[in-house]
Amino acid sequence: MNDNPVLRIVAKIIIPMILIFGLYVQFHGDFGPGGGFQAGVIFATGFILYGLVFGTDALRSAIPAPILRIVIAGGLLLYVGVGVATLLMGSDFLAYNVLGSTPSGGQHLGIFLVELGVGVTVSAVMITVFLGFAGRNDP
Amino acid sequence: MIGAQLPALQVVIPLLAAPLCLLLYRPFATWLLTVVTSAATLVISTLLLTQVLDSGPIDYTFGGWAAPFGIAYRIDLVNAYVLLIVSAISTVVSVFARLSVAAEIEASNQGIFYTAWLLCLTGLLGIAITGDAFNLFVFLEISSLSSYVLIAMGQDRRALTASYQYLIMGTIGATFILIGVGLLYALTGTLNMADLAERLPAVADTRTARAGFAFLTVGIALKIALFPLHLWLPNAYAYAPSAVSAFLAATATKVAVYALLRFLFSVFGESFSLETMPLAHGLAVLGSVAVLFASLVAIFQHNIKRMLAYSSVAQIGYLTLGISFVSELGLSATILHLFNHALMKGALFLALGCIAWRIGSARLGDFQGLGYRMPWTMGVFLIGGLSLIGIPTTAGFISKWYLVLAALEKGWWPVLVVIVIGSLLAVVYIWRVVEIAYLGKRLEEAPSGEAPLSMLLPACLLALANIYFGIHTELSVGVAHEAAKALFGGL
């Protein structure tokens, strides 16, 4: 679809908005509907649209597979890392209260980090799944 | 301080190691991390078991949210026993795995292999440790999804279809479990198992409770491969990589049986689940048919891995027979057999892994004279086989003995006959292998020589364990008895 100018230009306009909306859902999850999982999927659709319009090779060079792998692992590590941090600070696993100076501040920070971990992993997994299916005949 | 955090660490350590594995990605480093992690979980589960034996059940709440609102772990003797089985088998088999996996799986996939292994371990330990019905479902999915990956990595192309078949059946099972948990939640408004057990009796006589119970039982029965829902199992075990067959055969179905015990006895209570609902007789019939049918099919298999897989279906029959007696003795026979069956199937599949490493096949025809070409490996196979049959001084005998006692106590003579016939059929299918391996033609040009020590020693260790726990039964029988008592006493 690379030779279709309408698609190319619309995609180029729309992709940044999708990414911004993904980030909005991620970081506004504290106050409104949203959260890491939804945000991760929305964020990934920006990349998937890019792959659909410009081809999977272009997407692969934008995000190489080893980087995707690191991002997938990194999100989960961030999640578990928050839990381990609370353990090391002398509380139960994922008891966020100890993370901040006040319990509510700790809860805020803990949920923020954990949801960020979820979002990062989910979006990287979505892109990997897309590449896995779309590039089935590629080596 | 660290002692109080052991229940969380039991699951968190493998969960933390899995993404690290993905980052390391190099075969040797990921293997080493897997072994160290498994050993750490083994240490933790041993500590937990001694702690439970000393001072009773342990409660742990996550994130400072007290049960029943937050997710809680509750470890009593039954969990601690299952945790010990899973972590011990993972440790032994992961040591074995390095060369076996190196021979069977491409180097570029080994990083993913060990990541999936650790995730599977996380899921299995999580199912065993959690005290929350929904959390159990989540861990079940973690372990199932990663085991589909592990099975699909088998050398044979049929591994892919076997894994796909398991994916479909496993997903149906998991969906049923989720629907069951959902119905219970709609009925009682809680997901905590102890809380469910308190609230269910008041509403037990409703259609929702009965439907939830039915969905849960059928879903878990799919997961434990209870006849006639066992169709996914033979191919999955036969075409998976050798190390995965050993790991899953010794742990995955055991953990699912544990989940069944937990729901039948702790959540619903035995009077509802086995007497009000006609499950005891259903389990007795299905268990008997599983023993007879699967043992008979096993006799006609040419692929020895497939033969052992059918034998696993038969062993699951024994496990459900133990439940169907609705007695403390029957239940302790089931719990005991969880442990002993893990030992014997572990030993048998590890021996097959050594054979596959040397001769590259598990077909009966290639076993000609193997007793002389690989004497130690066949020795391990023989001990595992004897234990499977239930020869005295092996672990298998102890569990058969308690099953027979439980059947006699109940006066169920037909079941007794089924157990005896099942053992005789096991003699037949083990003898077929022994006959070819020891009395068959000795091929001069066939590959011979033992597998490397890092593969042979874990196999020998499990074979010795079969004999050790056939003679010294304090740990296995003692804990199984206490665990059965605890289950019967409710949560």
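This report describes the two chains of a predicted model, their secondary structure, their packing and their contact with each other.

Residues are numbered from 1 along each chain as its sequence is written, and chains are lettered from A, with ligands numbered from 1, in the order in which they are written. Because the model is predicted, local features need pLDDT of at least 70 and side-chain atom pairs count only at pLDDT 80 or more, while totals for chains, interfaces and linings use all residues.

## The two chains

Helices (H or I, at least four residues) and strands (E, at least two) are DSSP runs, numbered from the N terminus. A residue is buried if 20 or more other C-beta atoms lie within 10 Å of its own, exposed if 12 or fewer, and partly exposed in between, with C-beta atoms placed from the backbone. Two residues are in contact if their C-beta atoms, also placed from the backbone, lie within 7 Å.

| Property | Chain A | Chain B |
|---|---|---|
| Helices and strands | 5 helices, 0 strands | 20 helices, 2 strands |
| C-alpha extent along principal axes | about 60 × 35 × 15 Å | roughly 70 × 55 × 40 Å |
| Buried residues | 35% of 139 residues | 62% of 491 residues |

From the N terminus on, the elements of chain A run α-α-α-α-α.

For chain B, the radius of gyration (taken over C-alpha atoms) is 21 Å, close to the 23 Å that the globule rule (2.2 Å times the number of residues to the power 0.38) gives for 491 residues, so chain B is as compact as a globular protein of that length.

The chains also touch: 18 residues of chain A are in contact with 13 residues of chain B. On the side of chain A that touches chain B, 12 residues are nonpolar, 4 polar and 2 charged. Here Ala, Val, Leu, Ile, Met, Phe, Trp, Tyr, Cys and Pro count as nonpolar, Asp, Glu, Lys and Arg as charged, and the others, Gly among them, as polar.

Helix H2 of chain B covers residues 27-55. The expected span of a helix is 1.5 Å times one less than its number of residues. For the 29 residues of H2(B) this gives 42 Å, and the end C-alpha atoms are 42 Å apart, which agrees. Among the buried residues of H2(B) are Trp31(B), Ile44(B) and Leu48(B). Its buried residues pack against helices H1, H3 and H4 and strands S1 and S2 of chain B. After H2(B) comes Gly56(B), whose phi is positive, near 85 degrees.

Strands S1 (residues 58-61) and S2 of chain B pair in the antiparallel sense over 4 bridges; strands pair if DSSP finds at least two bridges between them. Ile58(B) stands opposite Ile75(B) in S2(B). Both faces of S2(B) (residues 72-75) are covered, with Ala72(B) and Arg74(B) buried on one side and Tyr73(B) and Ile75(B) buried on the other.

## Core and a partly exposed residue

A nonpolar core is a set of buried Ala, Val, Leu, Ile, Met, Phe, Trp, Tyr and Cys residues joined through C-beta atoms within 7 Å. The largest such core has 230 residues, of which Ala347(B) and Ala459(B) touch the most other members. Leaving out residues up to four places away in sequence, Ala347(B) touches several residues, including Val380(B), Ile383(B) and Ala459(B).

Tyr148(B) lies in helix H5 (residues 133-152) of chain B. Tyr148(B) counts as partly exposed because it has 19 C-beta neighbours inside 10 Å. Beyond its neighbours within four places in sequence, Tyr148(B) is in contact with Ser163(B), Tyr166(B) and Leu167(B).
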